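Hi everyone, thanks for coming. Let me put the structure up on the screen, and then I'll walk you through it.

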Amino acid sequence: MEIPDLVQQELGDEEIRGGVNLGDEDAACFTPTRTLVYRSEGLLSDEKVASYPHDFERLTVSEGRRKTKFSLIYTGEKLELSVPGNRSDAVLERLLEGKLAVSGGIAPDESLAGVFRFSELTLVVTDRQLLKHIGNVTWDADYEAFSFDDVTGLEFEEGSVATAVVLSFNERPERIKAPSEEAPMVRKTLEEALFAYHDVDSLADLNTKVGADPDESADEAGNGLGLESGIDPLVSNDEEGGDDSETASASTSTQAATQPASEQGPTAEATTETRATGTAGIDTDSVDPDTSTDPDITELEAQVAELTAAVEAQNEQLQKQERTIKQLIKELRQGR
């Protein structure tokens with residue numbers, strides 16, 4: 001693509017990394033820090049160049065029948081860019097690549113393999129990680145990053161309407177539903193990126209190479225968290241800096257659940273059996289009507305529900321901590 005003279009004048013010391021033809025003589029040229037959109041001379045307008053810096057805070061996409069409008073929201077202003085609908089995917093990929101590069105979301109030598117949008121889900125596949133954003137805006141700072149170093153499995157579950165991509169990171173599955181018509185490209189992009197990263201030639205070889213060690217998986221299944229950080233499943237009162245009634249209640253319930261039945265008597269055996277039934281996901285409506293109204297059973301069910309809620313909250317907090325730790329490690333490595 002020939003670079004218009006007016007764009008050359010706007011470049012300064014920067015270089016053009018890529019470009020997209022927008023029809024006729026119009027073009028979008030991408031530098032490391034901004035997008036320069038050239039509009040050729042028309043009957044009612046002169047030729048001009050508009051600049052769109054890549055340090056925007058949010059990006060939204062609005063698709064029409066012929067045109068796609070990109071809205072780039074900055075701290076003090078909002079810029080809009082309209083392109084032909086059949087050029088929107090290429091422009092979106094370049095805009096996100098620029099945004100991630102200036103914000104440190106990808107390394108300087110990291111390249112994008114593909115960008116996909118499914119309703120409120122945006123996926124970015126690079127040559128070393130998967131980035132996922134969910135929301136009514138196409139992109140902002142609230143996204144998740146999953147390194148290919150942590151991949152422990154990849155599966156595809158095909159359906160009549162959509163295909164579920166099950167990509168596991170540290171034994172935790174991330175399920176992504178892609179429409180059937182776009183699923184083949186998603187699969188091809190993910191497989192090519194992962195195969196190249198892990199130096200394998202097939203899906204079977206990938207799963208064999210990245211699969212977790214059986215002994216390690218058993219240990220992770222035992223603590224119910226699957227974390228390698230060594231963080232305790234429940235935060236103690238000392239760590240919280242005081243007596244917390246909810247944490248204390250959860251701790252008491254945990255002790256009652258783990259104490260041997262032989263030390264608790266007949267009532268404890270009923271407690272253990274009820275807890276096992278509840279945590280196994282069996283429908284409590286199937287309980288015998290004569291026993292479901294027993295006050296002891298009702299109290300036990302309440303304790304199980306309370307314990308479950310406390311554990312789930314702690315697990316969610318630990319997952320956030322783990323992601324934060326990984327991000328800090330990544331930033332430290334990049335700063336070397």
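**A walk through the model**

The chain's secondary structure amounts to ten helices and 14 strands; helices (H or I, at least four residues) and strands (E, at least two) are DSSP runs, numbered from the N terminus. Please keep in mind that this is a predicted model, in which local features need pLDDT of at least 70, side-chain atom pairs count only at pLDDT 80 or more, and totals for chains, interfaces and linings use all residues. Residues are numbered from 1 along each chain as its sequence is written, and side-chain values use heavy atoms, with hydrogens and water left out.

Let's start with confidence. The pLDDT, which is the predictor's confidence in each residue from 0 to 100, averages 78 over the chain, and 74% of the residues score at least 70. Residues 214-256 have a pLDDT below 50, and this stretch has 42 contacts in the model beyond near neighbours in sequence. Residues 258-289 are also below 50, with 18 such contacts. A contact here means heavy atoms within 4.5 Å. Where pLDDT is low, the predicted coordinates should not be read in detail.

Now the overall picture. Of the 336 residues in the chain, 35% are buried; buried means under 20% relative accessible area, exposed over 50%, and partly exposed in between (1.4 Å probe, protein chains only). Among contacts between residues at least 6 apart in sequence, 37% join residues at least 24 apart.

On to the inside. Which residues touch the most other members of the largest nonpolar core? They are Leu59, Phe70, Leu72, Val91 and Val124, in a core of 26 residues. By nonpolar core I mean a set of buried Ala, Val, Leu, Ile, Met, Phe, Trp, Tyr and Cys residues joined through side-chain atoms within 4.5 Å. At least two residues of this core come from each of β2 (27-30), β5 (58-63), β6 (67-73), β7 (78-84), α2 (88-103) and β8. The helix α2 gives the most, with five residues. If you zoom in on phenylalanine 70, leaving aside residues up to four places away in sequence, its contacts include Leu59, Val61, Leu81, Val91 and Leu95. Apart from this core lies another, of 25 residues, among them Val125, Ile176, Val186 and Val210.

Next, the aromatics. There are five aromatic pairs, counting rings of Phe, Tyr and Trp (its six-membered ring) whose centres lie within 6.5 Å; planes under 30 degrees apart count as stacked, over 60 as edge-to-face and the rest as tilted. Phenylalanine 56 and tyrosine 74 form an edge-to-face pair, 6.4 Å centre to centre with 85° between the planes. That pair links distant parts of the chain, 18 residues apart: phenylalanine 56 is in the loop between β4 (48-53) and β5, and tyrosine 74 is in the loop between β6 and β7. Phenylalanine 56 is buried, at 0% relative accessible area, and tyrosine 74 is buried too, at 10%. The charged end of lysine 99 sits over the ring of phenylalanine 56, 5.6 Å from its centre; the rule asks for NZ of Lys or CZ of Arg within 6 Å of the ring centre and within 35 degrees of the ring normal.

Last stop, the backbone. Most residues other than glycine have a negative phi. Serine 119, though, has a positive phi of about 55°. Serine 119 lies in the loop between β8 (112-118) and β9 (121-126), and is exposed at 72% relative accessibility. Glutamate 171 also has a positive phi, near 70°. This glutamate 171 is in the loop between β13 (162-169) and β14 (172-179), and is partly exposed at 38% relative accessibility.
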